[in-house]
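Hello,

Here is the structure I promised to pass on. Please have a look, and then read my notes below.

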Amino acid sequence: MAKPITLLLALFLMGGLYAVLSPAGQSAADGNVNSQIVQGKELFQVSCATCHGLGAEGTSAAPSLVGVGAAAVDFQVGTGRMPMAKPGAQAPRGKTEFTPAEISALAAYVASLGAGPGIPTSQQVSTNNLTAEEIARGGELFRTNCSACHNYEGDGGALPNGKYAPSLGQTTASHIYEAVRTGPYAMPVFSAGTLTDQDVREIIGYLQTLHSTPNNGGFSLGGIGPVSEGLWGWIVGIGGLVMVAMWLARKGARAR
Amino acid sequence: MARPADVTTAESSAVEAHEPTAPHRLSSAGAAAEWVDDRVGAARLGKGLIRKVFPDHWSFLLGEIALYSFIVLLLTGVFLTIWFKPSMAETQYDGSYQLLKGIPMSKAFASTLQLSFDVRGGLLLRQVHHWAAILFTAAAVVHMLRIFFTGAFRKPREINWLIGIGLLSLSLIEGFAGYSLPDDLLSGTGLRFVDGLIRSIPLVGTWIEFFVFAGQYPGTSIIPRLYMAHILLVPALLLGLVSAHLALVFYHKHTQYPGPGRTEQNVVGYPLFPVYMAKAGGFFFVVFGVLVLMGGLMQINPVWKFGPYTPNQVTAGSQPDWYMGWVEGAVRITPNWEWHLGHTTWSWNIFLPGVGLMGLLFTSLAAWPFVEAWITGDKREHHLLDRPRNAPTRTALGVAGMTCYAMFWIAGGNDIIATHFSLSLESITRFMRVAVFVAPVIAYHVTKRLCIWLQRRDQERVLHGSETGVLIRTPEGGYYEPHEPITVDQAFVLTQHDEMDVLDATEGANANGLPPRDGVVVSKRRAALSRWFLADNLAKPTREELEHAHDHGSSAALTSGSDHD
Amino acid sequence: MNSIDLEPAEDHGSVPAVYVHHQHPVPDPGIEEHIERYTDANPAAGRRVYAQVVGMLALVPVMAIAVIVIYFAVPRQASIRLGPLYANAMNVGLGVTGGLMVALIGFAAIQWAKQIMGDEESVDYRHPILSSREDREEFLSMVDDGVRQSNLGRRRLIGAALMGALGVVAAPAVVLLSDMGPYATPSRIRATLEKTVWAEGVRLVNDVTYTPIKASEIEIGQLVNGEPEVIAHMEGAAKIEAIAKAAIIVVRMDPKSIRIPASRKNWQVGGILAYSKICTHVGCPISLWERTTHHLLCPCHQSTFDLGDSGVVIFGPAARSLPQLPITVDSEGYLVARSDFTVPVGPSFFERDSRHDFKKGDN
């Protein structure tokens, strides 16, 4: 059952890629897309070209964007990582400076430069029809492929030399999809051969359910495991009980 | 001055075994006591215990936190065993936690989930149990530090110190076994670590690994075996040692802090029955209550989020519980030393920090009372506690040890620190490699200086009173700060401690010109250690100096009588 | 007045004498005077405390009833949201009411002891822990009598034989534990620790889904958490044990940006390399791979391996390179293993021959 769907989705994706990749003449038939590309190019030259070069061919300061695909643009700009505020190992998440229309235009422009993963459709990242088992399987996939860096709760973790895997708590479904497919910064790419669109939907479904279900046991204490638990155990347990002990052993108010 | 009631000489109201007193004179509690005495002769034993005096101080309750956490552990642990299945047989999860539906897992993990989601109150008691374990080990460590810094381990309490060290090491094993039982991803990762640790033991590591895991890692036996250790073997040992620990506390009578009228020959406080019983019993309920509140409000070890253990999954931020954190840190920062000799591999990178360091810590803790007694030559009984500043070398050593432990501990969370403070993992690790050696040395010197400075301040206060913080301008234009005299009680506390002479090497000349010491040979090394341990102490003011200072009128003499503060 | 009060610390036995200065410049003023408590002196205050204690105890049954009601009335899956707290309602409910129930007993008892019970200090006298000289001598002579009665003095061999016998009993007791596990004989080590289920022709499959991995589907910068195909048909302990050694990661790097030693030229397929996922330090599964630097970080102890250089260690406590799995493609274009790992995977063990592991600079 899963295999034909996977195949279909893969074909669908490939089709999308080829559409983007195909010569400009073909896309030009769609005037809308064409004007988007023009608008995107203008925006690019104002906001991005300083580092990425006028033709997005890359400079010593930033990589080439030829072939990174619309997904990479939507992820980087949509999560406010680009334009980068200051150079560094890794751009932090921020507030996006562009409207959704401008992001689409930028994405269309960069996609026109070379083939790359596209922005997912809403069906591709929709988690509406997932069964409980599929969501649980998404958890298994998450723990196999993602939790090593992003932690069991999607709270992120450390990488060498000051880099880090960010928290996934605020990340939208399509941004997760785009990150999986494009591998931003140090993150590896997971192509459809490894994680099918269905797999990614299940992972997104797992994360959304995980983040919307209550913390059964109470305050999550940061969700980073035994380190914060130990810290709070000392503060509340030892700290609180020592205060009680001090009250217990102190002589109360005297008559004079 | 009203003298306190003297319980040992007071008329005993305990019931005599051979001449039962008339029942009408007794309260109902007394009647019950009489009934028991008729059958077991409890009065003979009880009269010595019931009015036993316990001194009151908050720091004497740290061990009680550990004791009460232990009781809570036993109570909640029994509840958990009703549902927990210590089996590594595979099953498909079909409980009420939707996010793991249909996932294959061990029965141990499935039953932990059942406990957490399908047994009412199960999650609460699981969490209380885990918090109690955190608190038990934490309180045991703080309690041990209190004993160390106040010198309460000195003769005659060395045996109890050793029992305490045994308790602490057993509790680490007990805690680790418990951490491993649920068979979630985190506990499996911990087991994998222990497997690597066992394997690293030179010569016999592989043999031990095969014996412990009944073959290759992970096998199907480790959880049932750890379960046996966790609920029977180690708790039984703990219970036995805890009983011995408490019996010795009773038998030796509690130590006390120095104070007016507090001597090596007495203990001042409140009687066991009823005051101390109510306070200690009440404190048990407070500890229990706080643990239940923590279990209700603070999530701990959410195993359902970690998922079942499989050896090919891992999560960022995989850490042990706090009490193993320092070993984890040591393993993280030890350089990759490994010998490849012929057909053999010697994993010093794991063995030294994992097995060696733990051995070193517990051995040096166990040896300390004997080492200190040997250095000072002090074989007296001690029931009055040291003020830590009056044993500056010991205090400094203790702080240095704590600092070293803390550095390892911090290194155990280097990934968390890296992400939360935007630092690079590598630089933290490199920094820690140096810090575990340098920081304790700095801490030692700072603490020692601080202790001597506190001694000097004590002396100032005894001689000239305490500073008032008020500046007064003299008619000549100078300024001075008037000192307020301290009370006799305070002055006594500041000057009551004994001063020990440095041991002189018997082959060298005796500095004080005192007679040689009873034919006991003191080596130069021992004399040097003795000097290191004792020589920096400030001499107490003599009675003359005190009178001289007080005659000089710049500060008033000690206020007579004691004031009440 | 100023005679320094020197005395040997302890005069029994042969311990070295230590000179201790018992000089007390301030004489012991004696135990402080007992001063009446505010609650004793002020009847109103006393009544207030009395009411507090009784009030706290009266709340205990209220809390107990609340615990029982919550236990039966609150649905198991119901949640509660109070500001930042979003948790299971029953757990919070039982914890708060149960915790207060127990803690109130404690606070009431302590308040009672502090404010209402008589608080005159008592004094207990200590006696030296060592027994009196007479007791000790009597006891020692009893010990001597016992020893004499046992006739051990004349029949010395009994004592030695008994000690020996007791010592020997320990040996069977220890031997009884021998069946805890198999013996780590060289042949068993070869068959277990030094062998995985990988073999020539075994397909590499995606973890969890077990779909085979096609070489053409892997992009540069891609990471695949992989398993041998045979795992899919295994179950239970055998499967877990197999996974614990056979788990791999497959990565594709630009062949121009990495160093492939001559001896490993045909271990890879166009920059696709497979490595053991089990850390050579203590065996955590590693997959924190940096696409940009080709570095692989272990989340447990931060050992870092360079997958662009045959898996050599570049940082951290691990001492040995990550074993690489020789791979190729089969006729359908799927990745398959050329053989098992050439060196044992996972953490070191004493009998491991570590001379053949890849070292930086090897060819």
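Are Trp322(B) and Tyr323(B) buried or exposed? Both Trp322(B) and Tyr323(B) are buried (under 20% relative accessible area with a 1.4 Å probe and protein chains only; exposed is over 50%, partly exposed in between).

Before the rest, a word on conventions. This is a predicted model, in which local features need pLDDT of at least 70 and side-chain atom pairs count only at pLDDT 80 or more, while totals for chains, interfaces and linings use all residues. Residues are numbered from 1 along each chain as its sequence is written, chains are lettered from A and ligands numbered from 1 in the order in which they are written, and side-chain values use heavy atoms, with hydrogens and water left out.

Now the rings. Over all chains, the search of the whole structure gives 39 aromatic pairs (Phe, Tyr and Trp rings, the six-membered one for Trp, with centres within 6.5 Å; planes under 30 degrees apart are stacked, over 60 edge-to-face, the rest tilted). One of them is the tilted pair of Trp207(B) and Tyr183(C), with 5.5 Å from centre to centre and 35 degrees between the planes. This pair crosses between chains: Trp207(B) belongs to helix 8 (residues 205-213) of chain B, and Tyr183(C) to the loop between helix 5 (156-175) and helix 6 (186-191) of chain C (helices are DSSP runs of H or I, at least four residues, and strands runs of E, at least two, numbered from the N terminus). Trp207(B) counts as partly exposed because its relative accessibility is 31%; Tyr183(C), at 40%, is partly exposed too. By contrast in geometry, Trp322(B) and Tyr323(B) pair edge-to-face, at 6.0 Å and 80 degrees.

A charge also turns up over a ring (NZ of Lys or CZ of Arg within 6 Å of the ring centre and within 35 degrees of the ring normal). Arg39(B) has its charged end over Trp35(B), 4.0 Å from the ring centre, and Lys214(C) lies over the face of Tyr334(C) at 5.1 Å.

Finally, chain A. Chain A has 11 helices and 2 strands, and its elements run α-α-α-α-α-α-α-α-β-β-α-α-α from the N terminus. Of its 256 residues, 51% are buried. Among contacts in chain A with a separation of 6 or more, 66% join residues 24 or more positions apart (contact means heavy atoms within 4.5 Å).

Best wishes
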